[in-house]
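The tour below moves from one selection to the next and says what is found at each stop.

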Amino acid sequence: MQQLIQKIFRPGFVWLAEKFGSEPEKEIVFKSLSSLYKAILKKKSYRGLMIELDENKEKFIIFSDQHKGNRNRGDDFASNEENYLAALKYYHAEGFSLINLGDAEELWKYTPEEIVSKNTAALQAEAAFHQQNKYYRTFGNHDILWKNKKDVSTWLQKDFILPLRIYEGLVLRTTINSHKQKKHLNILLTHGHQGDTMSDNNSMSTWLVAHLWAPVQRYLQININTPAKDYHLRDKHNKMMHEWSSNNTNLLLITGHTHKPVFASGKFTADPEHKIETNLLPEEMKPCYFNTGCCCYYDGDITGIEINSGQINLIKWHKENSLPKRQPLEEMSLAGLYEAINK
């Protein structure tokens, strides 16, 4: 019976998904990002959090797009869990704070109950950071359910100490010594789905996505074409993110969402297996945009971004001799980036 229902109704719902979840429009993306950034700078805590970064004390690891599932064949995270757990164990022991940048749970394909019950190890590894006040989260379009505090307390109370705040964005503010002057450098972190018609800054649409569209998609087994699945949309989306960030002063932007790592606006070449952006923009453009990549590559690898001791690194965790291993891919100083974006 379910197969018959899928056959009848899937085409219509796919059409709706493509119509309302189409390519992002630059004007909408820019407006949404600007609104979020201004809200955080004005310390409107319901949307985001400002964190003062002392580069001599704080260390951050930023991961996104785990897409935790229920361990069935459609679970994109299952084969990556070993590398992810090894990475979290390493960063916890080294005193890092963990920033989870959204789409941590795949709530478009699975129910919260399924995910929570099948991912105890990963959730508790994340909760270990929270217990030390070193855990920060933003929501993405696939886990936008966490925008609702009641849903967070209902489904995540088993593993996390409440309250657990999940924001739309974060700003790390650090001080750079430039030409004997101290200047602020802001690092805006958000999932990167801003401008998505179906899930961005619309209380009615976000409720519909989380509570109606997600169950329909699970039942009909719809796999819509999003930036994370389409190379053309990925590139366009990353370029939009760069263009917005380059229009701001003293700002770096870090997102996830596209599943495609970008370091310093794609000016550097590394790890061609995961197709890190190269020559994304002309050489004179600012190296102000970064993308974490994801934690659900088909081969089990995960990528993320570290901020530590005044440096920003793109890193990969992969298997070497059957054991998880950290591999730095690219590195640059925050002071060097500050000088580059202010030329």
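Select Gln194, which counts as buried at 0% relative accessibility (buried means under 20% relative accessible area, exposed over 50%, and partly exposed in between, with a 1.4 Å probe and protein chains only). Gln194 lies in the loop between strand 7 (181-190) and helix 7 (203-220), where helices (H or I, at least four residues) and strands (E, at least two) are DSSP runs numbered from the N terminus. This is a predicted model, in which local features need pLDDT of at least 70 and side-chain atom pairs count only at pLDDT 80 or more, while totals for chains, interfaces and linings use all residues. Residues are numbered from 1 along each chain as its sequence is written, and side-chain values use heavy atoms, with hydrogens and water left out.

Then show Gly192, whose backbone nitrogen lies 3.4 Å from a polar atom of the Gln194 side chain.

Next, go to Arg47, in the loop between helix 2 (26-41) and strand 1 (48-52). Arg47 is buried as well, with a relative accessible area of 11%. Display Leu170 too: Arg47 and Leu170 are 123 residues apart in sequence, yet 8.6 Å apart in space, C-alpha to C-alpha.

How values were computed. A polar contact is a pair of N or O atoms within 3.5 Å; within protein, one must be able to donate a hydrogen and the other to accept it, and residues adjacent in sequence count only if both atoms are side-chain atoms.
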